[in-house]
Amino acid sequence: MVHIGNDWDEVLKGEFDKEYYQTLRRFLISEYKTRRIYPSMYDIFNALKYTPYRDVRAVIIGQDPYHGPGQAHGLCFSVNKGIEVPPSLVNIYKELHDDIGFRIPDHGCLTDWAEHGVLLLNAVLTVRAGTANSHKGMGWETFTDTVIRHLNNREEPLVFLLWGANARAKQALITNPRHLVLTAPHPSPLSAHRGFFGCRHFSKTNAFLRSNGQPEIDWTIK
């Protein structure tokens, strides 16, 4: 049984008993035994562990974990300290700097954001080493769609930041008019110049939260 360790356990009560998740669990047991899978099985649910349901104020949705050694640790776009900052995150940092004067750190670990109310959720939570999207269609999408639906039901206003086609596909799940949905091209070098740069999503997030009486996001990374 999965134990998150905060209020997500109650929010997701019964989800891990469902047939689709039990099928996914059997698949993952085999994968972790026979292949190199990222992240560590102990880090799969870090997005939920770092950001309790009641504390979520913004949601960034990624595709699936980084598939290189030492990179993935359960938070989308984030890598462990000591690992080279990936190109997409370099571009996120650049936009943050241009938008709010963000001081660019010397690492790519985003746990500070997660602890300040930013849910860094990949649509798929595991991946085979060296093979992007290798766990796509195995059941994770059903699980993460459920997470998004629960967030959509929140009374407190949230901001959903959807970058790229895969993330924008989740927009149909966000039907609550209380929330703000911000969309842009993916921050990868292939598409960032098509509208991610200049989107000002970080200042827009805080302006929306402020106007709704919610605490702003502290985007600082130590």
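The model is a predicted one, in which local features need pLDDT of at least 70 and side-chain atom pairs count only at pLDDT 80 or more, while totals for chains, interfaces and linings use all residues. Residues are numbered from 1 along each chain as its sequence is written, and side-chain values use heavy atoms, with hydrogens and water left out.

Glycine 108 sits in the loop between H4 and helix H5 (111-115); helices (H or I, at least four residues) and strands (E, at least two) are DSSP runs, numbered from the N terminus. With a relative accessible area of 0%, glycine 108 is buried (buried is under 20% relative accessible area, exposed over 50%, partly exposed in between, with a 1.4 Å probe and protein chains only). Tyrosine 32 is 76 residues from glycine 108 in sequence, and the two are 26 Å apart in space, C-alpha to C-alpha.

Glycine 82 belongs to the loop between strand E2 (58-62) and helix H4 (87-100). Its relative accessibility is 80%, so glycine 82 counts as exposed. Between the C-alpha atoms of glycine 82 and asparagine 153, which are 71 residues apart along the chain, the separation is 38 Å.

Asparagine 6 is in the segment before helix H1 (8-11) and is buried, at a relative accessible area of 17%. Apart from neighbours within four places in sequence, asparagine 6 is in contact with Leu48, Lys49 and Pro52. A polar atom of the asparagine 6 side chain lies 2.9 Å from the backbone oxygen of leucine 48.

## The four-stranded sheet

Four strands form an open sheet in the order E3-E2-E5-E6, with parallel pairing; two strands pair if DSSP finds at least two bridges between them. Strand E3 (118-122) and strand E6 (180-184) are at the edges with a single partner strand each, so one side of each has no neighbour in the sheet. On average, neighbouring strands of this sheet are turned by 20° against each other, direction ignored; axes are lines fitted to C-alpha atoms, for helices over the stretch in contact, and angles run from 0 to 180 degrees between N-to-C directions.

Strand E5 (residues 159-163) is joined to E6 by five bridges, and the two run parallel. Leucine 162 has threonine 183 of E6 as its bridge partner, and tryptophan 163 stands opposite alanine 184 in E6. E2 and E5 also pair in the parallel sense, over four bridges, and the bridge partner of valine 59 in E5 is phenylalanine 160.

Five of the five residues of E5 are buried, so the strand is largely enclosed by the rest of the structure. Val159, Leu161 and Trp163 point one way from E5, whereas Phe160 and Leu162 point the other way.

## Aromatic pairs

The count of aromatic pairs comes to 18. Rings of Phe, Tyr and Trp (its six-membered ring) pair if their centres lie within 6.5 Å; planes under 30 degrees apart count as stacked, over 60 as edge-to-face and the rest as tilted. Tryptophan 140 and phenylalanine 143 have ring centres 5.9 Å apart and planes at 70°, so this pair is edge-to-face. These two residues are three apart in helix H6 (residues 140-152), and about one helical turn separates them. Tryptophan 140 is buried, with a relative accessible area of 0%, and phenylalanine 143 is buried with a relative accessible area of 0% as well.

Ring pairs also link Phe77, Trp113, Trp163, Phe196, Phe197, Phe202 and Trp219 into a cluster.

## Cysteines

The number of disulfides is zero, a disulfide being a pair of cysteine sulfur atoms within 2.5 Å. Cysteine 109 is in no disulfide, and the nearest cysteine sulfur, that of cysteine 76, is 13 Å away. Cysteine 109 is buried, at a relative accessible area of 9%. Cysteine 199 is likewise in no disulfide; the nearest cysteine sulfur is that of cysteine 76, 14 Å away. The relative accessible area of cysteine 199 is 8%, and this residue is buried.

How values were computed: Polar contact = N/O pair within 3.5 Å; in protein donor to acceptor, adjacent residues only side chain to side chain. Contact = heavy atoms within 4.5 Å.
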